[in-house]
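Dear colleague,

Here is the structure I said I would pass on. My notes on it follow below.

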Amino acid sequence: VQLQASGGGLVQSGGSLRLSCAASGNIFSINDMDWYRQAPGKQRELVATVTSDGSTIYAESAKGRFTISRDNAKNAVYLQMNSLKPGDTAAYYCYAQIRATSRAWFAVWGQGTQVTVSS
């Protein structure tokens, strides 16, 4: 099983981006799906979580500006980012605990997608 992220890019301060991440492979179920980010020289931090039933949790820095959602039929998670600031510049990673059809669980990271916000 794997996660494939996309949607990063360069945007001006105040702009918007939508990140996507899709799981593939022999998937039985997916628990919480998360977005993390890591800026140069900083630790990776949790940005937002969406549970399997659609509940959401946000870091303080993301509240009111970012929206996480998922499409269970597509095994996908999204992050809509509005009012972007230079401080949001980072590599963004999706993460999920995925249960394969073999019933084994896997902790899976997507590859990073770079978000750069210019002032």
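Threonine 51 touches Asp32 and Arg70, leaving aside residues up to four places away in sequence; a contact here means heavy atoms within 4.5 Å. Threonine 51 sits in the loop between β5 (45-50) and β6 (56-58). At 16% relative accessibility, threonine 51 counts as buried. Buried means under 20% relative accessible area, exposed over 50%, and partly exposed in between, with a 1.4 Å probe and protein chains only.

Before the rest, some notes on the source. This is a predicted model, in which local features need pLDDT of at least 70 and side-chain atom pairs count only at pLDDT 80 or more, while totals for chains, interfaces and linings use all residues. Residues are numbered from 1 along each chain as its sequence is written, and side-chain values use heavy atoms, with hydrogens and water left out.

On secondary structure, the chain has 0 helices and 11 strands. Helices (H or I, at least four residues) and strands (E, at least two) are DSSP runs, numbered from the N terminus.

Next, the disulfide. A disulfide is taken as a pair of cysteine sulfur atoms within 2.5 Å, and by this rule the count is 1. The partners are cysteine 21 and cysteine 94, with their sulfur atoms 2.0 Å apart. The pair links distant parts of the chain: cysteine 21 is in strand β3 (residues 17-24) and cysteine 94 in strand β9 (residues 90-100), 73 residues apart. The torsion about the S-S bond of cysteine 21 and cysteine 94 is about 65°, so the disulfide is right-handed. Cysteine 21 is buried, at a relative accessible area of 1%, and cysteine 94 is buried, also with a value of 1%.

Now the chain as a whole. For 119 residues, a compact globule would have a radius of gyration near 14 Å, and the chain agrees, with 14 Å. That radius is taken over C-alpha atoms, and the globule rule is 2.2 Å times the number of residues to the power 0.38. The C-alpha trace spans about 50 × 25 × 20 Å along its principal axes. Of the 119 residues, 39% are buried. Among contacts with a separation of 6 or more, 55% are between residues 24 or more positions apart.

Finally, the surface. The chain exposes about 6200 Å², of which carbon and sulfur atoms supply 46%; accessible areas come from the Shrake-Rupley method with a 1.4 Å probe, and for residues only the protein chains shown count as cover.

Regards
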